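Here is a friendly walk through one protein model, meant to be read with the structure open beside you.

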Amino acid sequence: MVAPSFDDLPPEVREYLSDDEGDEFSYPDYKDDWGNVIVVDNLPKIPMAKYAKLEGVLKRIFAQTGTIARLVMPSENEKTLGVALVEFASAEEAVKAIRLTDGYALDKSHVFKVNAYADLATLDGLAAAYAPEPKAPFVERLNPNSWLGDQLHRDQFAIRYNNETEIKWCERNAPPTLDYGGEREKEGGLYWCEMYVKWSPQGSVLATFHNKGIALWGDAAFSKQGRFAHDGVKKLEFSPREAYMVTSNEIPGDKRGCIFWDLRTRTELRSFEVSMLPAPPPALLRPDEDPGPPRFEPSHFQWSHDDGYAARRGKDKAGGDVITVYELPAMTLLGKKSLRADGVRDFQWSPTASCLAYWAPEQGNAPARVTLVELPSRKELRQKNLVNVSDCKLYWHPEGRYLCVKVVRHTKSKKTLFHSFELFRADKELVPVEMLEMKDTVHAFAWEPSGHRFAVIHGDGAKPSVSFHSMLGKDGRPELTHLVTLENRSCNSIHWSPMGTQVVLAGTGDAFNGALEFYDCDAKWSKHVEHYRANAVEWDPSGRIVATGVLQPLEGAFFKFQMDNGYKLWTFQGSVYHEVAYENFYQFAWRPRPRSLLTPDQKKAIVKNLRKYERRFAHEDKLKDLARQREATTEKRAMRRAIRDLIKLRAKQYDATAAERTKMRNGVDADAADLYHVTTRTMESVVASKEEVMG
């Protein structure tokens, strides 16, 4: 803006200014920046007599989001227009106010609609008459599920070794084949991944960890789908339906240590401070033992099954224990208040319903308790009180039918620990609970993914026992039933096949050095094998192949079992058909498949009529084997042809120099047939003989 001269000023201004003052006079610089101003619409239209009262209410609301510099409600004919302009001290406070107050209900008839003042400029530029925009040309979207159309119905897996990251196809009874290994990035002198990788829950995209954030890759060529800047990111959790993700650097006190992202728009939804809470004492620590110095751990967010909520443990302003539940995509606190859960130690969402279970230890005279709460109603579905509790662990069935609570209890003298299981039937009315008591130490628990069985590793000796139970009786009615106990097993972890029935009982770590037992729960058949020093076991999504590996951490500069690094692929019957070793091997991860669209009845019909498909499958497998054999012998056939062609060429060259050789030998043709005497001799020997009486 150009400053006026002294002569341009109004007479009433010039008479108060000297000539010098007039020359130096200038208007302040005009700043066209409205980033710190918001517009609040859908307010009550009130007479000016009530202006001060409504102004006070609005100031109390918006003062909670920032420092208010000015609040104005335009009026006309002695009545407000139902809108307010609020100016904050900074643009950041204005953005926070929009996020927290948009949709706020002043009463049933007046729900705030809050926008940035700068957005009004777009409304001012609208044409008086609507004109539809020209139709944009069709651009084919990348297909994140293209790999599911593989004609051979193969699964994929990702591995991290040395400085390499590779995606491979898993072949049947053959070595895996490479699909993509970061060739584009290598051409640019870059590493495809700097740390670890992680598949999304349905296998649509692959996330690679970098020092500066996360990158997502998808479609058949593993093209880049987006980058998400977050320095020092260490943890990533996709929502179950892949609409959102949350990243965390786990740095205590970092105001932006935890960030929520919308995967459709590739935009940030909201950031949180990394919350550190006291870590519980070790599970097998007796109450009379010293737990040592206090430890703290980050409180991580957990997703609900439908991507509708994200929750984590926290503290309210008074220091009480709460579970804060946020609605997506607005990222606003559910019901504007946290879920009160005094003493909450842990919680888990149901994998199939908007319901969470949490447990809290004993406090004073109040017993420990396990509570199931439905959201958003906050209705308490079931509460189970427990006494003499040292620790609890929550295990939801993958289909949400049951909830198992592993309880570590102590005697009244607090010198002896024992274990029990509280089994909630979450799919039944009133949620009945059954108890299973274990007098010896429990080492591991796992539900059968598609079924009603579960397995428990328990025992105090060097070789524990493995017990299998069912939540159904022999007649199919709800009844806790013991099936079988396998004694003296070399295992400390349970790995069920995704299809159920088959299970791998693995002994990882120094105690068992990679002992493996493949067990069929229906046929009661098992096979014992070993992968020396194995510390990872993972089934493929089809339940046909098991991968075991010796992995070392990326963060460690030295790994004492480095010479054993690598992985093996096994059939579900326990036969190894491929193994490979690497100097540095960090990660093995199968690519997940989306949930099947078949109903349980359709699956039963397929299993019942499986023999109808056996001939077709056997024929297809035979064709695959023949094609694989032809491919394997292609190089040998090419070498054989090359040698034969070389022999023909040398023979032709040899014949061409016959005259020269004869001349060098003083006229003697050394290759003449009459110079040689050919003798043929036949020799026979009896290899074996057998006499057999006929008739």
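This is a predicted model: local features need pLDDT of at least 70, side-chain atom pairs count only at pLDDT 80 or more; totals for chains, interfaces and linings use all residues.

A general rule is handy here: an α-helix has 3.6 residues a turn, so residues three or four places apart point the same way.

## The nonpolar cores

The largest nonpolar core has 18 residues, and those that touch the most other members are I38, V40, L58, F62, M73 and F112. Two or more residues of this core come from each of β1, α3, β5 and α4. The largest share is that of α3, with five residues. As a general matter, nonpolar side chains in soluble globular proteins tend to be buried together.

Setting aside residues up to four places away in sequence, F112 touches V40, D41, L43, L58, I61, F62, T101, D102, G103, Y104 and L106. There is also a second, separate core of 16 residues, and among its members are A357, W396, L403 and V431.

## A four-stranded sheet

Next, find the open sheet of four strands, whose order is β11-β10-β9-β47 and whose pairing is antiparallel. At its edges stand β11 (177–180) and β47 (585–590); each has a single partner strand, so one side of each is left without a neighbour in the sheet. On average, and with direction ignored, neighbouring strands of this sheet are turned by 30 degrees against each other.

Within the sheet, β9 (residues 155–161) pairs with β10 (residues 164–170) through seven bridges, in the antiparallel sense. For a landmark in this pair, look for Y161, which has E164 of β10 opposite.

## The β35–β36 hairpin

Is strand β35 mostly covered or mostly open? β35 (residues 442–447) is mostly covered, with five of its six residues buried. β35 forms a hairpin with β36, and five residues lie between the two strands. They run antiparallel and are joined by five bridges, with β36 spanning residues 453–458. Here W447 stands opposite F454 in β36.

## Two buried polar residues

S304 sits in the loop between β22 (302–303) and β23 (309–315). Its relative accessibility is 0%, so S304 counts as buried. A polar atom of the S304 side chain lies 3.3 Å from the backbone nitrogen of G308. Apart from neighbours within four places in sequence, S304 is in contact with P240, Y309 and W349.

Our last stop is Q502, in strand β40 (residues 502–507). Why does Q502 count as buried? Its relative accessibility is 12%, and the cut-off for buried is under 20%. Beyond its neighbours within four places in sequence, Q502 is in contact with H495, W496, S497, Y519, D520, W539 and F572.

Notes: Residues are numbered from 1 along each chain as its sequence is written. Side-chain values use heavy atoms; hydrogens and water are left out. Two strands pair if DSSP finds at least two bridges between them. Axes are lines fitted to C-alpha atoms, for helices over the stretch in contact, and angles run from 0 to 180 degrees between N-to-C directions. A nonpolar core is a set of buried Ala, Val, Leu, Ile, Met, Phe, Trp, Tyr and Cys residues joined through side-chain atoms within 4.5 Å. Buried means under 20% relative accessible area, exposed over 50%, partly exposed in between (1.4 Å probe, protein chains only). Contact means heavy atoms within 4.5 Å. A polar contact is a pair of N or O atoms within 3.5 Å; within protein, one must be able to donate a hydrogen and the other to accept it, and residues adjacent in sequence count only if both atoms are side-chain atoms.
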